[in-house]
Amino acid sequence: MSWSTAAESSLRVLTTLALAAFAGAAHADAPPPATPCSIVAFVEETDPAGLNVRAAPNAKARVLGTLPPVWVDKASGTWIRVRVEITASDSGWFRIRNARDDEDLTGQPPRPTFAGECWHRRASRRATLAPPNERAAIAAAESTSG
């Protein structure tokens, strides 16, 4: 083996080691993965504009769409909420999917609702993510996420 071949081989090994070290450092800085769960919940949004849902568990993440506010039956005063499936929690955020209106309960055509996978910040003063009997399960799922 000539000197240039040995030098090229050593350079390849050093480059590979440097890349592996960089990848390991980048991985160590990555946030922990979301805690998986499987909960059906109901979004009780009261803002007439609806609730923004995002591409990632971050307030600056791209808004993918909205969930409509509660539908109120004026005759009975009944509130109909949007149903969602919660699939994970991450630091006060919920990953949700399959959001839908229940036209059987409202008697109205379904409203535009983002049904894909997205993130929603945990219940604020104007949004609640489940009836009281399901809130304990959501709190438990969230508390395991850190």
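Tutor: F94 stands opposite H120 in β8. The model is a predicted one, in which local features need pLDDT of at least 70 and side-chain atom pairs count only at pLDDT 80 or more, while totals for chains, interfaces and linings use all residues. Residues are numbered from 1 along each chain as its sequence is written, and side-chain values use heavy atoms, with hydrogens and water left out.

β7 and β8 pair in the antiparallel sense over four bridges; two strands pair if DSSP finds at least two bridges between them. Strands (E, at least two residues) and helices (H or I, at least four) are DSSP runs, numbered from the N terminus. β7 is also joined to β6, by six bridges, and these two strands run antiparallel. On that side, R83 stands opposite R100 in β7. The hairpin of β6 and β7 has two residues between the strands, and S91 takes a positive phi near 50 degrees there.

A salt bridge is a side-chain nitrogen of Lys or Arg within 4 Å of a carboxyl oxygen of Asp or Glu, and a search of the whole structure finds five. R83 forms one with E85, the closest N and O atoms being 3.9 Å apart. E85 forms another with R97, where the closest N and O atoms are 3.1 Å apart. This second pair links distant parts of the chain, E85 in strand β6 and R97 in strand β7, twelve residues apart.

R95 forms a salt bridge with E117, the closest N and O atoms being 3.9 Å apart. R95 lies in strand β7 and E117 in the loop between α2 (103-106) and β8 (118-121), so the pair ties together parts that are 22 residues apart in sequence. Salt bridges that share partners join R83, E85 and R97 into one network.

As for accessibility, buried means under 20% relative accessible area, exposed over 50%, and partly exposed in between (1.4 Å probe, protein chains only). R83 counts as partly exposed at 22%, as does R97 at 37%. R95 is partly exposed at 22%, and E117 is partly exposed at 48%. Buried residues make up 30% of the 146 residues in the protein chain.

V53 touches R62, V63, L64, G65, T66, L67, I96, F114, C118 and W119, not counting residues up to four places away in sequence; contact means heavy atoms within 4.5 Å. W119 is also 8.3 Å from N58, C-alpha to C-alpha, although the two are 61 residues apart in sequence. N58 has its place in the loop between β2 (51-54) and β3 (63-67) and is partly exposed, with a relative accessible area of 39%.
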